[in-house]
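Here is a protein chain to get to know. Take a look at the sequence and the model before reading on.

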Amino acid sequence: MLTRMDHVALHVADVPAAARFYVEVLGFEKIYDSHGTGGQAIAYVRLGDSSMIELTTRPGGEPMSGFHLGLESDDLAATTAKFKAAGLHCTIELKPTTARGEHQTGWRRSVFKGPHGETIEIKGP
């Protein structure tokens, strides 16, 4: 029986730069660095006690497609301002969002484009 999700993988062009972004801008913790099969750099990052993101690359690169990272914030306006100050492009300004449970009533969201092509959705009060 499955018990939890261990990780999801994101293919990025520059693993060390992506790891720095996830740690310094988004507040993730770097868990592990590795050289995978063929010597390609791999970094694992985690936010809190959640599942990990495996940052990896493929020869020749691979465009980011059909993926977004959904994160919760305890102060959405401050987080949105921090991301803008860090130079992230805001693709959807603060706006109401549909609650997925009573605890999310009144929440809003904003959406950014990350430096490696990822879409980052932030939700919270």
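Predicted model: local features only at pLDDT ≥ 70, side-chain atom pairs only at ≥ 80, totals over all residues.

Residues are numbered from 1 along each chain as its sequence is written, and side-chain values use heavy atoms, with hydrogens and water left out.

Q: Which pattern does the protein chain follow along the sequence?
A: Helices (H or I, at least four residues) and strands (E, at least two) are DSSP runs, numbered from the N terminus. The protein chain has two helices and eight strands. Read in order, the pattern is β-α-β-β-β-β-α-β-β-β.

Q: What percentage of the residues in the protein chain are buried?
A: Buried means under 20% relative accessible area, exposed over 50%, and partly exposed in between (1.4 Å probe, protein chains only). The protein chain has 125 residues.

Q: Which element gives the largest share of the lining of the largest pocket?
A: A pocket is an open set of points on a 1 Å grid over the protein atoms alone, where a 1.4 Å probe fits, with protein on both sides within 12 Å along at least five of seven lines; lining residues have an atom within 4 Å of a point. The largest pocket is lined by 13 residues, and M5, S50, S51, I53 and L69 lie nearest its centre. Two elements give two or more residues to this lining: β4 (52-56) and β5 (68-72). The largest share, four residues, comes from β5.

Q: How many salt bridges are there?
A: A salt bridge is a side-chain nitrogen of Lys or Arg within 4 Å of a carboxyl oxygen of Asp or Glu. By this rule, the count is three.

Q: Is K84, which forms a salt bridge with E93, buried or partly exposed?
A: The closest N and O atoms of K84 and E93 are 2.7 Å apart. E93 has a relative accessible area of 45%, so E93 is partly exposed. K84 has 38% relative accessibility, so K84 counts as partly exposed.

Q: Are R109 and E121 buried or exposed?
A: The side chains of R109 and E121 meet in a salt bridge, at 3.2 Å from N to O. R109 is in strand β7 (residues 108-113) and E121 in strand β8 (residues 119-124), twelve residues apart. Both R109 and E121 are buried.
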